[in-house]
Amino acid sequence: MTDPAPHGIGLMPMETALKALLAVAGTHVSGETIPLGEADGRVLLDDVYAARDVPPWANSAMDGYAINVADQQSGTPLPISQRIPAGTAPKPLQYGTAARIFTGAPIPEGADAVVIQENCDLTQNDQKEPLLVIKQAVVGRENIREQGADVRYRSVIFKAGHRLRPADLGVLAATGVASVHVGKKPVVALLSSGDELVAPGKELAPGQIYNSNAFVLKALLARIGLQVLDLGAMADTRHETERKLSRAAAQADCIISTGGVSAGEEDHVRAALQGMGELDIWKLALKPGKPFAFGRLPAEKGAGERKHDVLFFGLPGNPVSAFVTFLTLVRPTLLAFMGASEPALKELLMPAGFDAPESGSRQEYLRVSVFQAENALPYLMPLRDQSSGVLSSVAQADGLAIVPPHTSVASGQLLRFLPFGDIV
Ligand code: AMP
Ligand code: MG
């Protein structure tokens with residue numbers, strides 16, 4: 001039987017789907033306090049204020065001599081009155097003298113500049129004590145790193161919803177933060193639907209293929225710090241699908257399945273979900289990735305303290321469709337679950353290096369490479385094979401370019417571009 005609805009009618013636009021998913025995820029956020037050293041990739045649930053200035057006191061940017069600039073005017077060599085290595089507390093600078101100082105050491109009271117050692121000579125007085133000759137005069141505050149120049153006491157360092165990156169951990173450490181309040185990570189269960197699937201390492205019987213989606217998804221999940229319960233392949237029967245789904249719901253906060261979510265009679269995921277819980281989204285105005293399903297299953301008894309529904313993402317089986325729906329919908333939802341306020345992939349605008357006729361009623365995500373000739377702006381070119389089964393073109397791509405519904409592309413036109421960067 002053919003679909004009675006004209007092509008494209010009733011498909012949910014991507015923005016609508018993402019908004020709905022993020023709204024659900026927002027109700028699942030819960031917090032925990034963890035040591036700073038474990039917080040890379042985690043999301044802050046509170047604004048963090050600086051408990052002190054960074055640097056905590058003015059310090060020398062160079063190895064050299066701390067002086068008062070007024071004392072260099074006479075040109076008289078200056079006696080050296082103290083030595084200040086990093087990690088020590090200096091005495092006030094004696095009038096008319098210099099202090100030997102090293103990078104990171106506190107500027108003594110009374111000094112207002114550091115002369116770098118390369119611009120100094122040392123001579124001696126009659127008592128064979130060292131005297132400093134300044135070869136190149138400094139101005140006030142030269143070579144001094146001011147107190148609070150990096151981070152100001154009581155300023156907001158990071159807002160709630162910020163996902164921590166390595167440098168952020170350093171900024172927090174510099175202000176003395178030892179632990180952070182972050183969103184809990186969801187436990188994710190992975191299911192692969194399809195009688196044809198076999199794990200690599202076994203021989204293929206006729207009709208079988210290797211399960212590639214599970215490898216892609218596990219690695220993508222690992223990049224947002226999530227470990228996966230791999231519940232393996234799921235046979236194409238309603239009973240087996242229901243059995244696996246309830247097993248997953250008993251152990252996980254989120255379930256991701258691939259395959260079995262289209263409209264064929266071998267596709268049982270959607271019906272099983274409708275029977276056991278709620279189907280909130282099915283079929284998107286998206287290419288590739290139309291047969292995407294999202295729903296919720298009740299948390300199973302015996303699931304401990306969990307009160308929330310279990311989120312279910314039914315990804316299409318075609319490897320490129322699974323990849324695109326994961327990046328554009330599942331990943332942002334999982335990050336929002338972890339507390340992120342801006343969980344969607346970062347977009348850039350980049351010029352197309354190609355022409356394309358008007359797209360259909362679905363938003364297209366093209367696999368593209370970035371090309372750049374010498375001294376020229378970069379531009380996007382689509383990989384030759386854009387079919388949803390050809391995963392090798394994802395492997396070769398630098399990112400995805402978005403072509404909205406009913407839009408043609410002319411060379412030079414700016415397209416929304418999702419660079420893979422360290423996400424992929
Ligand atoms: P389905 O969504 O179940 O109709 O599957 C669509 C296509 O994706 C079929 O060609 C499947 O063989 C293929 N497929 C489904 N699951 C996987 C998987 N885990 N790895 C690789 N290909 C898959
Ligand atoms: Mg299938």
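Predicted model: local features only at pLDDT ≥ 70, side-chain atom pairs only at ≥ 80, totals over all residues.
Two strands count as paired here if DSSP finds at least two bridges between them.

Strand 5 covers residues 78-84, strand 6 covers 98-101, and the two pair in the parallel sense over four bridges. Which residue of strand 6 does R83 stand opposite? That is R100.

Now the rings. Searching the whole structure gives three aromatic pairs, and I will show two of them. In F294 and F313 the ring centres are 5.3 Å apart and the planes are at 50°, so this pair is tilted. F294 lies in strand 20, residues 293-297, and F313 in strand 21, residues 310-315; they are 19 residues apart, and the pair links distant parts of the chain. Buried or exposed? F294 is buried, at 1% relative accessible area, and F313 is buried as well, at 0%.

F371 and Y379 have ring centres 5.9 Å apart and planes at 20°; the cut-off for stacked is under 30 degrees, so this pair is stacked. F371 is partly exposed at 39%, and Y379 is partly exposed at 30%.

Last, charges over rings. The charged end of R270 sits over the ring of W282, 3.7 Å from its centre. For K218, the charged end sits over the F215 ring, 5.8 Å from the centre.

Technical notes:
Residues numbered from 1 in each chain as written. Chains lettered and ligands numbered in written order. Heavy atoms only, no water. Phe/Tyr/Trp six-rings, centres within 6.5 Å; stacked < 30°, edge-to-face > 60°. Buried < 20%, exposed > 50% of the residue type's maximum accessible area, 1.4 Å probe, protein only. Lys NZ or Arg CZ within 6 Å of the ring centre and 35° of its normal.
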